[in-house]
There are 2 protein chains.
Amino acid sequence: MQAEKIQTLERAIQILDCYTIDQFEMGVREVARLTGLSASVCSRLMAAMKDAGLLTQNPTTRAYAMGPRALRWAEIYSANLDIRNVALPVINELLLETQETISLYILDNDERLCVERMESAQNVRIVARIGRRLPLYAGSGGKVLLAYLPQHRQEEIIRKTDFKPFTSSTIIDPEQLRKELRQIRMQGYAFSNGEWVADAAGVAAPIFDHKGDVIAALTISGPGTRFTPEIIRRHVAAILQAVERISRDLGYIGNAYNQPQQNNPRY
Amino acid sequence: MQAEKIQTLERAIQILDCYTIDQFEMGVREVARLTGLSASVCSRLMAAMKDAGLLTQNPTTRAYAMGPRALRWAEIYSANLDIRNVALPVINELLLETQETISLYILDNDERLCVERMESAQNVRIVARIGRRLPLYAGSGGKVLLAYLPQHRQEEIIRKTDFKPFTSSTIIDPEQLRKELRQIRMQGYAFSNGEWVADAAGVAAPIFDHKGDVIAALTISGPGTRFTPEIIRRHVAAILQAVERISRDLGYIGNAYNQPQQNNPRY
DNA sequence: GAACGCTGTACCACAGAGTGGAACAAAATG
DNA sequence: CATTTTGTTCCACTCTGTGGTACAGCGTTC
């Protein structure tokens with residue numbers, strides 16, 4: 001089942017993964033250094049990827065940058081991700097209502113993956129990036145996804161996790177995390193302040209599919225200074241209403257065995 | 001310079017390209033048929049791509065669909081496409097003002113490539129798809145890009161083009177196209193009605209970079225029935241104002257040798 | 001329920017695709 | 001002008017990827 005890796009493919013992916021939002025232009029040699037591949041391999045692979053449109057080459061610098069070819073693939077993936085489609089209009093409304101950045105995360109490979117975001121128009125705002133991967137133990141969205149996982153999966157991930165203190169508020173004690181996850185399950189939403197990025201706060205709530213499984217987390221995030229107790233209360237109410245609508249649109253009918261949020265003041 | 005193709009890479013790309021918005025789930029054998037590759041090759045490559053996250057596999061059907069891996073690459077490409085970033089807020093305003101679908105196209109490989117779109121919220125609307133490729137000779141956006149190309153490039157593309165009548169309104173006579181392109185250059189914008197999709201009309205205008213080259217086309221599109229002469233006049237005014245702002249934000253200072261739109265009533 | 005068609009995957013001998021060190025020209029740097 | 005660093009090309013070698021075949025599993029169909 002765990003098939004043999006295709007070397008060429010792995011290497012091509014490795015090369016593309018070198019590029020980031022900040023490091024968006026890199027030469028062959030630099031990529032070779034980062035990947036540990038030989039310069040000739042990188043040169044040939046990257047030239048081929050240029051021909052395919054996966055990379056572009058600056059004619060003067062001769063350095064490479066990301067190309068447009070992946071756009072269509074990403075679009076196809078997104079288009080057929082039905083959570084995203086259902087959530088989109090609700091996210092839009094939530095943005096108008098809260099004036100903060102709204103993001104949608106799904107669980108992918110023991111991490112959370114941002115599949116949609118709409119950014120606040122305010123000058124001071126949280127920028128989210130579609131396609132970005134973040135840890136599960138830091139930030140409200142991550143904690144929500146972790147909290148609603150089946151017990152054994154949750155425990156497995158916590159045990160595997162190498163806790164790093166991104167900020168002074170990051171939860172690095174597994175026992176404290178477990179305690180907080182229990183509380184999140186009880187109240188139906190999560191709150192965080194500066195766990196992943198200092199000064200960034202957020203509230204998050206889980207989205208259920210027709211089977212009653214949690215498949216995504218919706219978050220409202222912004223600078224911590226704007227998250228006063230009164231505002232937090234309003235955001236919690238807004239996000240609970242939003243995830244309720246999305247979950248129902250996905251065919252979620254009630255609460256099977258996830259004993260969630262019915263004893264919460266949702267409206 | 002035209003390096004030898006990397007077979008494995010080409011094949012992997014070929015496989016991913018089989019998937020579309022409508023055909024988003026396909027089995028190994030079907031992909032093999034479409035690509036002409038052997039089933040074993042497809043199986044192995046696709047299994048590897050699954051491991052990489054480029055594809056996902058439905059555990060019950062065993063069929064494959066697009067995976068999330070390409071999201072990040074697309075995001076990196078988009079993030080560093082400065083036209084798009086500059087255009088985004090203007091597109092947003094244009095959507096609010098016109099209530100029609102707004103799209104941004106760049107020239108890529110003798111075709112136009114949609115790199116951004118915002119959709120009208122109206123029930124009857126044009127749906128655009130980021131990453132989609134369309135021909136240059138049909139539709140307002142394509143004609144604009146073609147019109148502002150250097151003469152020899154324009155001629156080269158027209159000669160290479162295999163004109164297909166997508167609708168009864170599609171321009172398939174090269175001479176008529178040339179005439180229309182000249183007019184577009186003179187008036188600074190393009191209009192089309194049902195050239196690419198019947199019942200779909202649009203207006204488009206060019207975006208210039210700091211060198212005075214046209215790097216993109218912005219379009220307003222919607223059902224032809226809504227495009228009355230009065231509305232068209234309003235949309236033309238709106239889009240000219242929009243491309244003016246975007247071009248200026250990109251460092252476009254005036255009109256170098258592209259002798260464009262200064263003798264038009266822009267405001 | 002047997003026979004069929006279909007699926008995705010594992011196997012393995014073989015060919016050739018991809019490798020990587022060295023050599024190259026062209027810029028950039030000192 | 002020497003030196004370093006860039007991306008690319010070359011070519012003999014090797015190991016990667018190939019594809020025909022076989023297999024197991026699932027639905028239909030007779």
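Analyst: A strand here is a DSSP run of type E with at least two residues, numbered from the N terminus. The model is predicted.

User: Is Thr219(B) buried or exposed, and how do you know?

Analyst: Buried means under 20% relative accessible area. Thr219(B) has 4%, so Thr219(B) is buried.

User: Which residues is Thr219(B) in contact with, leaving aside its neighbours within four places in sequence?

Analyst: Contact means heavy atoms within 4.5 Å. On that basis the partners of Thr219(B) include Thr101(B), Ile102(B), Ser103(B) and Tyr105(B). Ser140(B), Gly141(B), Val203(B), Ala204(B) and Ile239(B) are in contact with Thr219(B) as well.

User: What makes Ser103(A) a buried residue?

Analyst: The cut-off is under 20%, and Ser103(A) has a relative accessible area of 1%, so Ser103(A) is buried. Ser103(A) is part of strand S4 of chain A. Beyond four places in sequence, Ser103(A) has contacts with residues including Glu116(A), Arg117(A), Ala128(A) and Thr219(A).

User: What is chain A as a whole made of, and how much of it is buried?

Analyst: Chain A has nine helices and nine strands. Of its 267 residues, 54% are buried. Taking contacts in chain A between residues at least 6 apart in sequence, 56% join residues at least 24 apart.

User: Why is the relation between chain B and chain A called a two-fold axis?

Analyst: Chain B is superposed on chain A by a rotation of 180° with 0.0 Å of shift along the axis, at an RMSD of 0.1 Å. That is the relation of a two-fold axis. The same surface serves both copies, as 100% of the contact residues of chain B recur in chain A.

User: Which residue of chain B comes closest to the rotation axis?

Analyst: Ala70(B) does, with its C-alpha at 2.9 Å.

User: How many residues take part in the contact between the chains, and what area is buried there?

Analyst: Chain B gives 46 residues and chain A gives 46 residues. About 4500 Å² is buried between chain B and chain A, and carbon and sulfur atoms give 68% of that area.

User: What makes Asp17(A) and Arg69(B) a salt bridge?

Analyst: The definition asks for a side-chain nitrogen of Lys or Arg within 4 Å of a carboxyl oxygen of Asp or Glu. In this pair the closest N and O atoms are 2.4 Å apart, and Asp17(A) forms a salt bridge with Arg69(B). The count between chain B and chain A is six salt bridges, along with 10 residue pairs in polar contact.

User: Which elements supply the side of chain B that touches chain A?

Analyst: Helix H1 (7-18), helix H3 (39-52), helix H4 (69-79) and strand S5 (111-118) of chain B each supply at least two residues. H4(B) gives the largest share, 11 residues. By type, the residues of this side are 28 nonpolar, seven polar and 11 charged.

User: How do you know that Arg245(A) and Glu93(A) link distant parts of the chain?

Analyst: Arg245(A) lies in helix H9 (residues 229-249) and Glu93(A) in helix H5 (residues 82-98) of chain A, 152 residues apart. Their closest N and O atoms are 3.1 Å apart, and the pair forms a salt bridge.

User: What does the salt bridge of Arg133(A) and Asp108(A) tie together?

Analyst: The two side chains meet at 2.6 Å, N to O. Arg133(A) is in strand S6 (residues 133-134) and Asp108(A) in strand S4 (residues 101-108) of chain A, so the pair ties together parts 25 residues apart in sequence.

User: Why are Glu156(A) and Arg153(A) said to be separated by about one helical turn?

Analyst: Because they are three residues apart in helix H7 (residues 151-160) of chain A. Salt bridges that share partners join Asp110(A), Arg153(A), Glu156(A) and Lys160(A) into one network.

How values were computed. Residues numbered from 1 in each chain as written. Chains lettered and ligands numbered in written order. Predicted model: local features only at pLDDT ≥ 70, side-chain atom pairs only at ≥ 80, totals over all residues. Heavy atoms only, no water. Least-squares fit on C-alpha atoms with pLDDT ≥ 70 in both. Buried < 20%, exposed > 50% of the residue type's maximum accessible area, 1.4 Å probe, protein only. Buried area = accessible area lost by both parts, 1.4 Å probe. Polar contact = N/O pair within 3.5 Å; in protein donor to acceptor, adjacent residues only side chain to side chain. Helix = DSSP H or I, 4+ residues; strand = E, 2+ residues; numbered from the N terminus. Nonpolar A, V, L, I, M, F, W, Y, C, P; charged D, E, K, R; others polar.
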